[in-house]
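Subject: Structure handover and findings

Hello,

Here is the structure I promised to pass on. My notes on it follow below.

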Amino acid sequence: MKKWMLVFLIGISIILSGCGGNTSSKLSGSKPPETNIQIGNETFQTTLGTYCWSSKFKGVCVDTAGPEVLLEGKEPIVVQPGEEVAFAMDYEPLPNEVHVAYYQGDKETEVKVENHRFKAPEEKGVYYYSYGVWWMDENEENVSNGDAFYAFALEVK
């Protein structure tokens, strides 16, 4: 009986140590950091949507609606056609993978981002954006330590 108990305890220890993963790659905070966009000299807050976050002590995933529903009732940020928009996140480490898309009705358009910046569309209208970021593990391929999707809307005048 004692032999089986020892084997059981060793097995549980191995399983629990595996669940913790590489604690050096864990992120700080209980959820993803706030992210802003900067247009000219003005800063605007984005809305945190769906995310999965692995902090030092636990992991959590939250699922939300898409950008249009998340931003319901909020005024879009007014921009000029082709105006530069920059992302600002006061967090270390910064995410090492980024994806940006805007939505108009049922149409999704991928946006090219360079150096944390992109250009607003040239055509007038309201555009709902999804800014997806990932903190990919540097030691394990295809392993994310956290990801988050932020929403904001731009109105090109």
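First, a term: buried means under 20% relative accessible area, exposed means over 50%, and partly exposed lies in between (1.4 Å probe, protein chains only). This is a predicted model, so to speak of local features we need pLDDT of at least 70, side-chain atom pairs count only at pLDDT 80 or more, and totals for chains, interfaces and linings use all residues. Residues are numbered from 1 along each chain as its sequence is written, and side-chain values use heavy atoms, with hydrogens and water left out.

**Strand pairing**

Helices (H or I, at least four residues) and strands (E, at least two) are DSSP runs, numbered from the N terminus. Two strands pair if DSSP finds at least two bridges between them. Strand β1 (residues 36–39) pairs with strand β6 (residues 84–88). The sense is antiparallel, over three bridges. Here I37 stands opposite F87 in β6. β6 also pairs with strand β9 (residues 117–119), antiparallel and over three bridges. A86 has R117 in β9 as its bridge partner.

**Aromatic pairs**

Rings of Phe, Tyr and Trp (its six-membered ring) pair if their centres lie within 6.5 Å. Planes under 30 degrees apart count as stacked, over 60 as edge-to-face, and the rest as tilted. The count comes to 13 aromatic pairs. One of them is F118 with F152, tilted, at 6.4 Å centre to centre and 40° between the planes. This pair links distant parts of the chain: F118 is in strand β9, F152 is in strand β11 (residues 144–156), and they are 34 residues apart. F118 counts as buried because its relative accessibility is 3%. F152 is buried too, because its value is 2%.

Y131 and Y150 form another pair. Their ring centres are 6.1 Å apart and their planes are at 40°, so this pair is tilted. Y131 lies in strand β10 and Y150 in strand β11, so the pair ties together parts 19 residues apart in sequence. Y131 has a relative accessible area of 3% and is therefore buried. Y150, at 2% relative accessibility, is therefore buried.

Ring pairs also build a cluster. Its members are F87, Y102, F118, Y127, Y129, Y131, Y150 and F152.

**The core**

A nonpolar core is a set of buried Ala, Val, Leu, Ile, Met, Phe, Trp, Tyr and Cys residues joined through side-chain atoms within 4.5 Å. The largest one has 26 residues. Those with the most contacts inside it are I37, F118, Y129, F152 and L154. The elements that give two or more residues to this core are β1, β3, β5 (77–79), β6, β7 (97–104), β10 and β11. In soluble globular proteins, nonpolar side chains tend to be buried together.

**Contacts of single residues**

Contact means heavy atoms within 4.5 Å. The lists below leave aside neighbours within four places in sequence.

- F152 touches I37, T46, L71, F87, F118, Y127, Y128, Y129 and Y131.
- T47 sits in strand β3 (residues 47–54). T47 is buried, because its relative accessibility is 15%. T47 is in contact with L71, K74, F149, Y150 and A151.
- Y128 sits in strand β10 (residues 125–136). Y128 is partly exposed, because its relative accessibility is 23%. The contacts of Y128 are P67, E68, L71, A101, Y102, Y103, F152 and A153.

Best wishes
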